[in-house]
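Visitor: I'd like to learn how to read a model like this one, feature by feature. Could you walk me through it?

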Amino acid sequence: MKKITLELIVGVFVAIGILCLAWLSVKLGKMELVGGNHYEVYAEFDSVSGLKKGAAVEIAGVEIGRVDRIDLDPKYHDRARVYLRIANGVKLQEDVIASVRTSGIIGDKFIKLKPGGSEKMLAGGGRIRETESAVDLEELLSKYIHGKVE
């Protein structure tokens with residue numbers, strides 16, 4: 001009888017430990033198990049080189065969302081379409097500007113949003129019309145080295 005009770009207690013502690021590790025993995029990975037508290041908008045860029053799924057979306061240095069996915073524009077196939085997951089509490093103006101930036105000189109890429117002055121708010125599934133693509137440092141250095149700076 002004591003052996004069964006001891007095994008039951010150990011089993012309960014092991015199960016609790018596994019649940020704690022799973023919860024910690026979800027939180028540290030910034031994943032969401034159920035729908036989440038966000039809405040999605042998208043923006044189209046000429047170039048998003050270096051930007052990855054899961055990159056931060058920031059306004060004034062405060063993270064307000066994440067990059068959900070990156071696809072080619074389904075109509076023209078010459079532009080990148082970036083889908084952004086924005087927290088529900090954050091409302092974006094219709095004339096917000098999205099730009100691809102780098103944190104530091106060789107850091108990770110992220111999306112920086114500059115609020116606009118419009119009274120109209122961007123709805124879920126809406127499009128951010130004003131965008132600024134990433135600056136390609138390799139291309140700039142190549143132009144400088146080969147004397148083709150414009």
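This is a predicted model: local features need pLDDT of at least 70, side-chain atom pairs count only at pLDDT 80 or more; totals for chains, interfaces and linings use all residues.

Visitor: What is the phi of alanine 60 near?

Guide: The general idea comes before the case. Most residues other than glycine have a negative phi. Here, alanine 60 has a phi near 55°, which is a positive value in a residue other than glycine.

Visitor: And why does alanine 60 count as exposed?

Guide: The cut-off for exposed is over 50% relative accessible area. Alanine 60 counts as exposed because its relative accessibility is 71%.

Visitor: Let's step back to the fold. How many helices and strands does the protein chain have?

Guide: The protein chain has 2 helices and 8 strands. In sequence order the pattern is α-β-β-β-β-β-β-β-β-α.

Visitor: What is the radius of gyration of the protein chain, and what would a compact globule have?

Guide: The protein chain comes out at 22 Å, while a compact globule of 150 residues would be near 15 Å. Along the principal axes, its C-alpha atoms fill a box of roughly 85 × 45 × 30 Å.

Visitor: Is histidine 77 buried or exposed?

Guide: Histidine 77 is exposed, because its relative accessible area is 52%. Its place is the loop between E3 and E4.

Visitor: Now the inside. Which residues touch the most other members of the largest nonpolar core?

Guide: Here's the general idea. In soluble globular proteins, nonpolar side chains tend to be buried together. In this chain, 27% of the 150 residues count as buried. The largest nonpolar core has 24 residues, and Leu84, Ile86, Leu92, Ile111, Leu113 and Ile128 touch the most other members. Elements giving two or more residues to this core include strand E1 (38–45), strand E4 (80–87) and strand E6 (109–114).

Visitor: What is isoleucine 86 in contact with, leaving aside its neighbours within four places in sequence?

Guide: Isoleucine 86 has contacts with Asn37, His38, Tyr39, Val41, Val57, Ile64, Gly65, Leu92 and Leu113. For the chain overall, among contacts between residues at least 6 apart in sequence, 60% join residues at least 24 apart.

Visitor: Why does glutamate 132 count as partly exposed?

Guide: Partly exposed is the range between the buried cut-off, under 20%, and the exposed one, over 50%. Glutamate 132 has 32% relative accessibility, so it counts as partly exposed. Glutamate 132 belongs to strand E8 (residues 130–132). Leaving aside neighbours within four places in sequence, its contacts include Phe45, Ile97 and Lys114.

Visitor: Last one: how many positive and negative side chains are there?

Guide: The protein chain has 22 positive and 21 negative side chains, and the centres of the two sets lie 6 Å apart.

Conventions: Residues are numbered from 1 along each chain as its sequence is written. Side-chain values use heavy atoms; hydrogens and water are left out. Helices (H or I, at least four residues) and strands (E, at least two) are DSSP runs, numbered from the N terminus. The radius of gyration is taken over C-alpha atoms; the globule rule is 2.2 Å times the number of residues to the power 0.38. Buried means under 20% relative accessible area, exposed over 50%, partly exposed in between (1.4 Å probe, protein chains only). Contact means heavy atoms within 4.5 Å. Lys and Arg count as positive and Asp and Glu as negative; His and the chain ends are not counted. The place of a charge is taken as NZ of Lys, CZ of Arg, CG of Asp or CD of Glu. A nonpolar core is a set of buried Ala, Val, Leu, Ile, Met, Phe, Trp, Tyr and Cys residues joined through side-chain atoms within 4.5 Å.
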